[in-house]
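This report examines how the parts of one protein chain pack against one another.

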Amino acid sequence: MQAEAELGLGNYNRSIAFGESSLSLLDAEPYSIETIVDVAGTSFEVIQVLLSAYSAIENKSKTLSVIEKAKGLSNFKYGGDDGFRLIKDFKIFPILAQAYFTLGDHQESLKYSTLVIKNAESLGYFETVFYSAMTTINSTVTNEKTADDEVQRFADTMFANRLQSRVIKARSELELGKYNEAKAGFDEVLSSKLITGITSMYYPVLHDRGRVAEALGDNESAEQFYQESIDVIENSRSSLK
């Protein structure tokens, strides 16, 4: 997608131009039972790019406008059926949580990150099997790969959404002064050890955990977490040499 490519190059205005053009074409495409997943899925991809681009140029009004489009997509029902859950729970709600956090609306980012976690934990057996099959088919068609060059699986999607949403939830609680809740959230993320492989997420979590410790008066732990955050950054830099 051209809009995504331009975003990756830092050409935010060109990314927005391509994204808005694509979204207008998608908006003109009527949903049907045959096209709902493809059209809505592509709309999500474009919305995600636009949210990132508008946030990068700090255009709050446009970011809020795109958020409303995302909400409209998440509220879509086909024939009264609320089965649009794969895209809503695992794609739209996570980016809404991230978008609101970027805007500084921590109450809303807490709301949506909590929803993602709650809905992910409430999946039944048959839903899990269905979504696993859909993810495998989609990944095979699009040739999406994991960092290990493996076909993207539903478990990967679940892991990514749970981890990211738990981090945003804890960071939102920190900004709202809910320090004990934030402490529990960050400790849960760090205890998994899985985050250690995602440097861009790992060092900010360690830093924010230090902020929580400092807010709670535990200066010794705060200093330790701050140092660990610096160590992660330095180790990452040295590995690039």
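The model under discussion is predicted. Its largest nonpolar core has 24 residues. Those with the most contacts inside this core are Ile47, Leu50, Leu51, Val66, Ile67, Leu96 and Tyr112. Helix H2 (12–27), helix H3 (36–56), H4, H5 and H6 each supply at least two residues of the core, and the largest share, eight residues, comes from H5. Another core, of 16 residues, lies apart from it, and Leu174, Leu190, Leu206 and Val212 are among its members. In soluble globular proteins, nonpolar side chains tend to be buried together.

With neighbours within four places in sequence left aside, Leu50 is in contact with Ile16, Gly19, Glu20, Leu23 and Val66.

The structure holds two aromatic pairs. In one of them, Tyr100 and Tyr112 are stacked, with 5.9 Å centre to centre and 10° between the planes. This pair counts as stacked because planes under 30 degrees apart fall into that class. The pair links distant parts of the chain: Tyr100 belongs to helix H5 (residues 85–103) and Tyr112 to helix H6 (residues 106–121), 12 residues apart. Both Tyr100 and Tyr112 are buried. Together with Phe93, these two tyrosines form one aromatic cluster.

Does the length of helix H6 agree or disagree with what its residue count leads one to expect? At 1.5 Å a residue, the 16 residues of H6 should span 22 Å, and the end C-alpha atoms are 22 Å apart, so the two values agree. The buried residues of H6 include His106, Ser109, Leu110 and Tyr112.

| Residue | Helix | Relative accessible area |
|---|---|---|
| Thr63 | H4 (residues 60–74) | 0% |
| Ser172 | H8 (residues 154–175) | 0% |

Is Ser172 buried or exposed? Ser172 is buried, because its relative accessible area is 0% and buried means under 20%. Thr63 is likewise buried, with a value of 0%.

The contacts of these residues leave out those up to four places away in sequence. Ser172 touches Phe101, His106, Ser109 and Leu110; of these, His106, Ser109 and Leu110 are among the buried residues of H6. Thr63 touches Leu51, Tyr54, Ser55 and Leu103.

Key:
Residues are numbered from 1 along each chain as its sequence is written. This is a predicted model: local features need pLDDT of at least 70, side-chain atom pairs count only at pLDDT 80 or more; totals for chains, interfaces and linings use all residues. Side-chain values use heavy atoms; hydrogens and water are left out. Rings of Phe, Tyr and Trp (its six-membered ring) pair if their centres lie within 6.5 Å; planes under 30 degrees apart count as stacked, over 60 as edge-to-face and the rest as tilted. Buried means under 20% relative accessible area, exposed over 50%, partly exposed in between (1.4 Å probe, protein chains only). Contact means heavy atoms within 4.5 Å. The expected span of a helix is 1.5 Å times one less than its number of residues. A nonpolar core is a set of buried Ala, Val, Leu, Ile, Met, Phe, Trp, Tyr and Cys residues joined through side-chain atoms within 4.5 Å.
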